[in-house]
Amino acid sequence: MRFSVVVAAHNEGDGSVEQVQRRFPRVRVVRHEERQGASPTKDLGARHARGDVLVFLDGHTKPEPGAMARLVEDVERLQGAAVVTPAVAGLCTQRWKSLPH
């Protein structure tokens with residue numbers, strides 16, 4: 001399976017995108033010149049993605065180990081004939097831990 005990781009940024013200004021670029025130099029970063037909001041920014045990211053399955057993660061998400069593989073497996077099992085939406089646990093941002101369901 002081919003894949004790419006694209007960070008679609010909308011001028012957050014907190015240095016987080018630059019930190020990702022330093023830690024993961026193969027990640028492609030795309031951004032609008034001016035802040036346009038979540039939907040146009042996700043559209044921009046989708047237009048630059050190269051792969052078989054498209055997964056959106058917002059900056060306040062933390063997938064549990066194996067979660068991404070399960071999402072891709074579900075899409076493959078359904079041969080792309082459905083949109084797969086997982087249950088999303090709450091996130092304690094102070095501890096960066098998922099909250100129990």
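Reply: Happy to. This is a predicted model, in which local features need pLDDT of at least 70 and side-chain atom pairs count only at pLDDT 80 or more, while totals for chains, interfaces and linings use all residues. Residues are numbered from 1 along each chain as its sequence is written, and side-chain values use heavy atoms, with hydrogens and water left out.

Me: What makes up the fold, from the N terminus on?
Reply: The elements run β-α-β-α-α-β-β, with three helices and four strands in the protein chain. Helices (H or I, at least four residues) and strands (E, at least two) are DSSP runs, numbered from the N terminus. The C-alpha trace spans about 40 × 35 × 25 Å along its principal axes.

Me: Why is threonine 41 called buried?
Reply: Buried means under 20% relative accessible area, exposed over 50%, and partly exposed in between (1.4 Å probe, protein chains only). Threonine 41 has 3% relative accessibility, so it counts as buried. The residue sits in helix α2. Leaving aside neighbours within four places in sequence, threonine 41 is in contact (heavy atoms within 4.5 Å) with Ala8, Ala9, His10 and His32. Across the protein chain, buried residues make up 14% of the 101 residues.

Me: How do you know that the buried residues of α2 line one face?
Reply: The buried residues in α2 are Thr41, Leu44 and Gly45. Seen down the helix axis, they fall within an arc of 95 degrees, so they line one face of α2. The arc is that of the directions from the helix axis to the C-beta atoms. On the other side of α2, Ser39 and Arg47 are exposed. The buried residues of α2 pack against β1 and β2 (28–31).

Me: Why is alanine 46 called partly exposed?
Reply: Alanine 46 has a relative accessible area of 28%, so it is partly exposed. This residue also belongs to helix α2. Beyond its neighbours within four places in sequence, alanine 46 is in contact with Leu54 and Phe56. From alanine 46 to alanine 8 it is 8.6 Å in space, C-alpha to C-alpha, and 38 residues in sequence.

Me: What makes the phi of tryptophan 96 worth a look?
Reply: Its phi is near 50 degrees, a positive value in a residue other than glycine. Most residues other than glycine have a negative phi. Tryptophan 96 is in the loop between β3 (91–92) and β4 (97–98). With a relative accessible area of 38%, tryptophan 96 is partly exposed.

Me: What makes a space a pocket, and what volume has the largest pocket?
Reply: On a 1 Å grid over the protein atoms alone, a pocket is an open set of points with protein on both sides within 12 Å along at least five of seven lines, whereas a cavity is a set where a 1.4 Å probe fits but cannot get out. The largest pocket has a volume of about 1,500 Å³. Of the 41 residues that line it (an atom within 4 Å of a point), the closest to its centre are Val5, Val6, Val7, Val55 and Leu57. The elements giving two or more residues to this lining are β1 (6–9), α1 (16–23), α2 (38–48) and α3 (67–77).

Terms used: Points joined across faces, edges and corners; volume = space filled by probe spheres on them.
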